[in-house]
Each structure stands twice: as structure tokens, then as C-alpha cells.
Amino acid sequence: KSPRLYISSFIRALHVIELVDKNNINRVVVYTTKIGAFIPFVKIFRPRLEVFYCIYADPYKNPDFYKKHKYWYKRSIEQSKKVFSSSCYCADAYGNFTKNADPEVIYVGVDLDRFHEMDPVYARNRLTIPERPTVLFLARMEPEMGADNALEISKIILSKGLDINFIIAGAEGSLTDSIKESASKFDGRLMVKSNIPKDDLPYYYGASTICIAPTLGLHACMGVSIKEAMASGRPTIATDSGGIPEAIRNNIDGYVGPLKEGKIDNEYFSKKILEFLKDEEKIELFGKNSRKRCEDIFSVNATAEKYLKLFE
């Protein structure tokens, strides 16, 4: 059905086997769904090698491809020692291929020492951000991450004449230039920070009052930035895309709004932002709930323990 897929997978399997033999490796972990096509070849050559296979949400994003190669990926799954995913949402994708899988769910953990509750005044001073309530969007500046929606939401909020900061930050993408151009019209209240240094990341969460994640992509297993915001004690407004509702409990840690016919409801986000800005007690309560949730299930220690159990 696809000679290119099988030839490339065969060649990849030869590379893996070479590394396995050279370094006396007895365990291979595969972290990309599509690349898992090399597993049956590896198992032919090294049947005793332990293979652990992690499926993300690519089968939801490219269903036609995986339908076409369903039998082959079924073999990849069933020939693995154990399969796992980073959310229940992604783990359900295994059911598209076989009922003979019992996937483990291992959340991507957050470093709770690095991301923690911080005095916003201190964080804003460090980043030279004006001292006023701050809404933060932090993700790659691409449509699937909701960067264009974040811009539209900022326009709605800033049109109210509120004395706040609205920050759109993250890795540069196809929307960076247009967002920067729009920001120039808001007298410094809309700030665009691209490719921020890794060491500054915790301070952006610390400087924020609330965070937003208007994610559109169905392949969002569970955004890491959402958990970083939660670990920082900041409530988050997000969509119900992918595995996001597994992280944010609606009306407990933040708000989770439904996608409307596959589109983000900018008015919903704007309404919830305004609700938060008028209710400091709710901001504090949801922030504490968010931090506690990360301590309970999203710490790097909890993730490490689950990996140890998986490999044992």
C-alpha cells in the first residue's frame, strides 16, 4: 500500500538494530506513533528485544493514513512488550487498531521546584512588565495552538478599556509577524514575546494573573504549558480539545470551554477572563486547586515512578 513507509521503516529498523547490538541494549522505547512502523521489522531480527511503544494523538489527526495501514500498526502494538500514552485521550487511540492492548497512561510531569507560586510583582519587575493584572497566552505562534484566537481575544478584552497587560508569548511561528503588527496598536498593553529564554519561562507564569490555552488541534494529548501554569498556581481557561479536560477540572482549576463546530469560541474566553478579573478570591482559589492537582498527579517524580513500574 505504501512502499515508501515500509522501506523507510525497514531501514530505520536496521539502524536501531545496529545501535542495539553495538551498545548491548535490551530495551527500546518508541515515542512517535508513525515511526512505530519499524517495530515488526525489529522484532523479526531481534525477537527477544523489549519494545515499549508510546502512541500520541496522530491517529486522530491523520485517520486516513492509519486506516490504510491499520493491520501493520496492529502488529506494531501487539508485538510490543507494553504500550502507553501521555493521556487517556491518546491511550484510547489504541482501540482503533486492536482490542488486545492494555495501555498505561503516563502523564508528562512538571518540575514543581522550577514552576511554583511566585509573587507577581516580583516576576513583573524582573521581566520589566508594567504592574497590573496580566493575561498570558504561552504556546507556539501557530493557528493550531490558538495563537490567532489569542490575538482576537486580546482585542476583545483590551477594547473594554481595562488597565491590564495581555501577553502573547512562545516560540516563533507563522503568525508571529501579524501578531506583532497588531500589538503596536494597543499602547503597550498587548505584548508579544517570541522565543523567550528558557530560564525566564517560570517568571512569565509568575507575572500572569490568569492563563489561556485556546487550543484547536485534536492531537493535543495534554499541553505541557497548561500544567506549567497550574504548577505556578495560575488558573487556566482552555478548550476541551484532546486530553486537556484531564488536566483542568472545569470550575475547579479553571474553565474548559467546548469547541463550537470545531472552532474556538472567542466570546467564551473573553467572558471568562472578565469574570476572573472581577473576582480575586476565585483567582486565588482556582490557583491553589491547580497547584494541588499538579502536586497530586503531574509531578516529574510521579512520572518517573510510573516509568519504573512500566519497565519492571
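Select Lys292, which is partly exposed, with a relative accessible area of 45%. For these labels, buried means under 20% relative accessible area, exposed over 50% and partly exposed in between, with a 1.4 Å probe and protein chains only. The model is predicted: local features need pLDDT of at least 70, side-chain atom pairs count only at pLDDT 80 or more, and totals for chains, interfaces and linings use all residues. Residues are numbered from 1 along each chain as its sequence is written, and side-chain values use heavy atoms, with hydrogens and water left out.

The side chains of Lys292 and Asp296 meet in a salt bridge, 3.0 Å from N to O. A salt bridge here is a side-chain nitrogen of Lys or Arg within 4 Å of a carboxyl oxygen of Asp or Glu. Asp296 is partly exposed too, at 47%. Lys292 and Asp296 are 4 residues apart in helix H14, so about one helical turn separates them. Helices (H or I, at least four residues) and strands (E, at least two) are DSSP runs, numbered from the N terminus.

Elsewhere, salt bridges that share partners join Arg27, Glu50 and Lys81 into one network.

Next, show all of H14, residues 280-297, together with helix H11, residues 224-231. Their axes are 7 Å apart and the packing angle is about 115 degrees. Axes are lines fitted to C-alpha atoms, for helices over the stretch in contact, and angles run from 0 to 180 degrees between N-to-C directions. H11 and H14 are therefore roughly perpendicular to each other; angles under 35 degrees count as roughly parallel, over 145 as roughly antiparallel, 65 to 115 as roughly perpendicular and the rest as oblique.

Which residues of H11 and H14 meet? Lys227, Met230 and Ala231 are the ones in H11, and Ser290, Arg291, Arg293 and Cys294 the ones in H14. The residues of this contact divide into 3 nonpolar, 1 polar and 3 charged. In this grouping Ala, Val, Leu, Ile, Met, Phe, Trp, Tyr, Cys and Pro count as nonpolar, Asp, Glu, Lys and Arg as charged, and the others, Gly among them, as polar.

Move to Ile210, in strand E8 (residues 210-213). Ile210 counts as buried, at 0% relative accessibility. Val135 is 75 residues from Ile210 in sequence, yet their C-alpha atoms are 5.3 Å apart in space. Contact means heavy atoms within 4.5 Å. Leaving aside neighbours within four places in sequence, Ile210 is in contact with Thr134, Val135, Leu136, Pro235, Ile273, Phe276 and Ile283.

Then select helix H3, residues 58-61, where Asp58 is found. Asp58 is buried yet has no salt bridge; the nearest side chain of opposite charge is Lys34, 4.5 Å away. Lys and Arg count as positive and Asp and Glu as negative; His and the chain ends are not counted. Apart from neighbours within four places in sequence, Asp58 is in contact with Thr33, Lys34 and Tyr66.

Stay in H3 for Lys61. Lys61 and Glu144 meet through their side chains in a salt bridge, 3.9 Å from N to O. This pair links distant parts of the chain, 83 residues apart, with Glu144 in the loop between strand E5 (134-138) and helix H8 (147-158). Lys61 counts as partly exposed at 44%, as does Glu144 at 26%.

End at Asp102 and Lys82, whose salt bridge has its closest N and O atoms 4.0 Å apart. Asp102 is exposed at 59%, whereas Lys82 is partly exposed at 23%. In total, the structure holds 15 salt bridges.
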